[in-house]
Amino acid sequence: MPPAIERTLRVSHLSVYPPRRITPLFLPFLYPQQRSASILSAISDNASAYHKKIRRGRGPSSGKGKTSGRGHGGQKQHGKVPRGFTGGQTPDHIVHGKRGFTNVFSLDMKPLNLDRVQSWVNQGRLNPSRPITIRELAKSRCVSPIKDGVKLLAKGSETLTSPLHIVTSQASASAIAAVEAAGGSVTTRYYTPKSIHNIIKGRTDPIHSLQSQIIVPGQQEQRREYLYRLPDPTSRKDIEYYRDPAHRGYLNYQLEEGHGPSLFFKTPGTGKFVAKAVKKRTASAVENRIW
C-alpha cells in the first residue's frame, strides 16, 4: 500500500472518538417519557386493598355451598346467639346474681414506706432538714401519681436513720413510732384531689390552712402568698380522724383535756346526768284499787 494512503487511514482511525456515557440525571430531559392510551385499561388496585365478596349457597364447588359455612343444625346456624345464652335455661346472671359492690366512699391512698424515704434521702433527692410534704414527694418522684393522698407505712423502718419531719394524709401507728424514735415527727392533715394538684403546681400551701396550727421544724417563718387556700375537712369522719392525737392529726389542738376525738359520742363523765324523781305511792291510791 502506498505511504500516503496508509497515513490517511491512520489519521481517520484516530479521529473516531468513543461514545460518551450520558449522566442518568439528564435522561428524562433527553428522552421524554411516553405512554400509550392503553395504560388506562390496565389500571388496577393493589391485591390487598379489597376482598372479594364470598357468594354463599352457590354449590359445593365454591366451598361455601349447601350450609353456607354455618354447619349442620342448631341455633348457631339458624340465627344469632345472645350474650350469656346457656341453651334456653335460666341465665347465669339471674341464677347466681351479683356479688360485691363498689365502695364510693373509699380513698385511693398512695402507700409510702420508710425504707423508700430513707433511700431518697441517701441519694440527695429529699432534704431531711426541711419538712417533707406531698409537694416534695411528687417533685422527687418518690410517690407518683397521687390521687386522694399519701399514707405513711412502716416497711423498712429498721433502715431509717435520719430525723425526718413528714406531713402526709395518713400514717400507721408503727410508722409514727419509728419516725419519732429516730428523732423526727409526723403530722397528718386533710387534702383533696384538687388541692393536691394545686400543691404540686405550686399554687397552694402544702401545710397551712385556716384551721391549722402546725409547727414543723425547718419550715420557713415567713410564708409566701399562694393563689388558692388549702381546704379543711367538713365531714364528720374526716374531722374525727384529724382531731385524734393518736393519728398525729393537725386538728388535735381543738380537743379539751380528757375528751375524745368523736363528735357523736360524749366522753364518759363529761355529760350531765339528771335523775328522774320517783313518785311515791300514797295510801289512798293503794286503797282505791279494785284488785
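The model is predicted.

Three strands, in the order E1-E2-E4, form an open sheet. Their pairing is parallel. Strand E1 (109-113) and E4 stand at the edges. Each has a single partner strand, so one side of each is left without a neighbour in the sheet. Strand E2 spans residues 149-153 and pairs with E4 over two bridges, in the parallel sense. Lys-151 stands opposite Gln-170 in E4.

The largest nonpolar core holds 38 residues. Within this core, Leu-112 and Leu-152 touch the most other members. Several elements each supply at least two residues of the core: helix H5 (114-122), helix H6 (134-139), E2, strand E3 (165-168), helix H7 (173-181), helix H8 (193-200) and H9. In soluble globular proteins, nonpolar side chains tend to be buried together. Neighbours within four places in sequence aside, the contacts of Leu-152 include Leu-112, Leu-114, Ile-166 and Thr-168. Gln-170, Ala-171 and Ser-172 are also among the contacts of Leu-152. Ala-175, Val-179 and Val-186 are in contact with Leu-152 as well.

Helix H9 covers residues 236-243. Its buried residues are Ile-239, Glu-240, Tyr-241, Tyr-242 and Arg-243. Their cover includes strand E4 (170-171) and strand E5 (185-188).

Three salt bridges are found in a search of the whole structure. One of them lies in H9, where the side chains of Arg-236 and Glu-240 meet at 2.9 Å, N to O. The two residues are four apart in the helix, and so are separated by about one helical turn. An α-helix has 3.6 residues a turn, so residues three or four places apart point the same way. Arg-236 is partly exposed, with a relative accessible area of 44%. Glu-240 has a relative accessible area of 19% and counts as buried, because the cut-off is under 20%.

Arg-248 forms a salt bridge with Glu-180, and the closest N and O atoms are 2.8 Å apart. This pair links distant parts of the chain, 68 residues apart. Arg-248 is in the loop between H9 and H10, and Glu-180 is in helix H7. Both partners are partly exposed, with relative accessible areas of 27% for Arg-248 and 34% for Glu-180.

A salt bridge also joins the side chains of Asp-232 and Arg-189, at 3.7 Å from N to O. Here too the pair links distant parts of the chain, 43 residues apart. Asp-232 sits in the loop between H8 and H9, and Arg-189 in the loop between E5 and H8. Both Asp-232 and Arg-189 are buried.

Some backbone features stand apart. Most residues other than glycine have a negative phi, and most peptide bonds are trans. Arg-141 is not a glycine, yet has a positive phi of about 65°. Arg-141 is exposed, with a relative accessible area of 54%. Arg-248 also has a positive phi, of about 60°, and is not a glycine. The peptide bond from Ser-144 to Pro-145 is cis, with omega near -10°. Pro-145 lies in the loop between H6 and E2.

A nonpolar patch on the surface is formed by Ile-39, Leu-40 and Ile-43. Together they have about 330 Å² of accessible area. Ile-43 is placed in the loop between helix H2 (27-30) and helix H3 (75-78). Ile-43 is exposed, with a relative accessible area of 63%.

Definitions and conventions: Residues are numbered from 1 along each chain as its sequence is written. This is a predicted model: local features need pLDDT of at least 70, side-chain atom pairs count only at pLDDT 80 or more; totals for chains, interfaces and linings use all residues. Side-chain values use heavy atoms; hydrogens and water are left out. Buried means under 20% relative accessible area, exposed over 50%, partly exposed in between (1.4 Å probe, protein chains only). Contact means heavy atoms within 4.5 Å. Patches are made of residues with over 30% relative accessible area and no salt bridge: like charges are joined within 9 Å, nonpolar side chains (Val, Leu, Ile, Met, Phe, Trp, Tyr) within 5 Å. Accessible areas come from the Shrake-Rupley method with a 1.4 Å probe; for residues, only the protein chains shown count as cover. A salt bridge is a side-chain nitrogen of Lys or Arg within 4 Å of a carboxyl oxygen of Asp or Glu. Two strands pair if DSSP finds at least two bridges between them. A nonpolar core is a set of buried Ala, Val, Leu, Ile, Met, Phe, Trp, Tyr and Cys residues joined through side-chain atoms within 4.5 Å.
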